[in-house]
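Subject: Structure handover

Hello,

Here is the structure we discussed, passed on with notes. Please look at the sequence and the model before reading further.

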Amino acid sequence: MDALKVLSIVLVVLHVADAAVIPCTWTQFRLRDLNEESIMLLEKMGATMPLRCLEDGWRALPDDVFLNAQNEDLAVVALETLRGVDRIFKNDQTSVTWDRETLGLFKNIISSRQVENLQKCVGEDASQSAVGSLSAGSSAGQLKSYFEELEEKLRVKVSSMPTKCQLQRTLAAKTHNLLETMTGPFPFQCLDDIPVEIRSPTWALQSNNSKQDVGATKAVYKILMRVSSLMENDGFPRSWDADKLVKFQLIVDRQIEESECIMRIKTQKEEDDFPARDAALTDYFDKLEKLLKEKEFSVCGWEVVRRELLSVLQFILVEKSNNFW
């Protein structure tokens, strides 16, 4: 199922490459290159289409939809196509076996670079007017209908599949490894910047019995959320490996997306100790954010934060070993 969707989108993106003739500086120099990069990432992220998916009834994109677009506004046709791809890939992908780093890069190129820049090229008012008056027989209208049908079919398929409400050990370990290896050892000159008043509340991750497991697991999810928030700040040290930093952020965000179900696990009110754990973690991460700001996002400020996060992630890997799959 998932590979067939990839094939359909590959054909879409491949055809859109022809829209680089749109009279706009950005499309003339960047749209085709980004489409070629998108196609490469799509082909790389998954394996060959499983034979069992051939009978799933996916409707292929009409071959002539772009050939018939010559008399229409190509910018609107291209924008509608990329918007459709963007919407499809904003759906849940926890059930697929694609390479997550490649998937993250693909989604970033489609959403943050192609859609946004083509929108600027077309102009907000012009695109809204054109898209709002799409006719069913126009190429843009056919594309809109095609992607709506594809998205609905995908939603039905995904909702019928079982999911695991657990953290993945391989992802947690990879997160720790990327953070550890994106630069060298803790700088000697930053030792004086380690604040004695900031100590990670490791008790918030511990559980003495099965009744406490839910609260401790929710605490891990809270940590991932706060780590993601911390890493949204700018001014990272230049000595950090930029590629590993991006991969680290993508994997953290993937873990958040895939383990969101953890926060919906219900417990008896008298057994719910997550609020106390949540309060301790909130205080801890608030102090880390305050430190970063006070240090004006300096190298030592970031290194202290990295040191703390490495300690927390290592504790999670050891203490929460039974909660991974």
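How close do the axes of helix α7 and helix α9 come, and at what angle do they cross? The answer is below, after a few words on the model.

This is a predicted model, in which local features need pLDDT of at least 70 and side-chain atom pairs count only at pLDDT 80 or more, while totals for chains, interfaces and linings use all residues. Residues are numbered from 1 along each chain as its sequence is written, and side-chain values use heavy atoms, with hydrogens and water left out.

Overall picture

The protein has 11 helices and 0 strands. Helices (H or I, at least four residues) and strands (E, at least two) are DSSP runs, numbered from the N terminus. Of the 325 residues, 46% are buried; buried means under 20% relative accessible area, exposed over 50%, and partly exposed in between (1.4 Å probe, protein chains only). Contact means heavy atoms within 4.5 Å. Among contacts between residues at least 6 apart in sequence, 85% join residues at least 24 apart.

Helices α7 and α9

Two packed helices are described by the angle between their axes and the distance between the axes. The axes here are lines fitted to C-alpha atoms, for helices over the stretch in contact, with angles running from 0 to 180 degrees between N-to-C directions. For α7 (residues 169-181) and α9 (residues 242-258), the axes come within 9 Å and cross at roughly 155°. That makes α7 roughly antiparallel to α9 (angles under 35 degrees count as roughly parallel, over 145 as roughly antiparallel, 65 to 115 as roughly perpendicular and the rest as oblique). On the α7 side, the residues in contact include Leu171, Leu178 and Leu179, and on the α9 side they include Phe248, Ile251 and Val252. By class, this contact has 7 nonpolar, 3 polar and 5 charged residues. Ala, Val, Leu, Ile, Met, Phe, Trp, Tyr, Cys and Pro count as nonpolar, Asp, Glu, Lys and Arg as charged, and the others, Gly among them, as polar.

Helices α10 and α11

Helix α10 (residues 274-294) packs against α11 at an angle of about 160°, with the axes 9 Å apart. This makes α10 roughly antiparallel to α11. Tyr284 and Leu288 are among the α10 residues that meet α11, where the partners include Trp302 and Glu308. The contact divides into 10 nonpolar, 1 polar and 1 charged residues.

Glu308 sits in helix α11 (residues 299-319). Glu308 counts as buried because its relative accessible area is 9%. Leaving aside neighbours within four places in sequence, Glu308 is in contact with Ile198, Ser200, Tyr284 and Leu288.

Aromatic rings

Rings of Phe, Tyr and Trp (its six-membered ring) pair if their centres lie within 6.5 Å; planes under 30 degrees apart count as stacked, over 60 as edge-to-face and the rest as tilted. By this rule there are 5 aromatic pairs. Trp240 and Trp302 have ring centres 5.8 Å apart and planes at 70°, so the pair is edge-to-face. Trp240 lies in the loop between α8 (210-230) and α9, and Trp302 in helix α11, 62 residues apart. Phe297 and Trp302 form a tilted pair, 6.4 Å centre to centre with 40° between the planes. Trp302 is buried, at 0% relative accessible area, whereas Phe297, at 29%, is partly exposed. Ring pairs link Phe236, Trp240, Phe297 and Trp302 into a cluster.

Regards
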